[in-house]
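Colleague: Could you walk me through the side-chain pairings here?
Modeller: Gladly, let's look together.

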Amino acid sequence: MRHLTKLVGTGLILLTVTACGGQETMATHPASGNDPAAPSSATTPPSPGAPAKPRLELPPGSTPVPAAKVDAAALPKDFPRQVYTANGGTIINLRAEEGGCQHALGEAIEQTAQHVVLDLSETKAQTGQMCTMDLRYPYISVALAAPLGDRTVVLKKSPPH
């Protein structure tokens, strides 16, 4: 009887460990699975006027924009300010901030001969949904109508929508 109790107890422990060990979480695979809102690591450039999807790595071929050509005065003090160009200057890749169930968005809202204004925001979290309290800093790609050239990149942040 004593051996039967040990055998059943050991079996329950093995079953628990196996069940817990087989679960994959967002912490170990943040951009995998079938979650349509998960950040994308695709390198397809966004189309002009369409909000970009976040990616975890800087796209290949990105070139830093000189700090003197980035106006980030409207951003919160601790917000990232890393800006790059790609695809002959027609794509801006920049670091954004997102957290919990919200996902970063980027959009060119004004393009003149002197500057390009990029609006950074986040999607609104769904009500009644449990969300983590973490911050992530993905890259956002924003398409421009013409190459950046010598224009200044003006960064602003809007509330979630």
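**Salt bridges and a ring pair**

Modeller: Glu-98, Asp-134 and Arg-136 are linked in a network of salt bridges, a salt bridge being a side-chain nitrogen of Lys or Arg within 4 Å of a carboxyl oxygen of Asp or Glu. This is a predicted model, where local features need pLDDT of at least 70 and side-chain atom pairs count only at pLDDT 80 or more, while totals for chains, interfaces and linings use all residues. Residues are numbered from 1 along each chain as its sequence is written, and side-chain values use heavy atoms, leaving out hydrogens and water.

Colleague: Is Glu-98 buried or exposed?
Modeller: Buried means under 20% relative accessible area, exposed over 50%, and partly exposed in between, with a 1.4 Å probe and protein chains only. Glu-98 has 0% relative accessibility, so Glu-98 counts as buried.

Colleague: What is the geometry of the Tyr-84 and Tyr-139 pair?
Modeller: The structure holds 1 aromatic pair. Rings of Phe, Tyr and Trp (its six-membered ring) pair if their centres lie within 6.5 Å, with planes under 30 degrees apart stacked, over 60 edge-to-face and the rest tilted. The centres of Tyr-84 and Tyr-139 are 6.2 Å apart and their planes lie at 70°, so the pair is edge-to-face.
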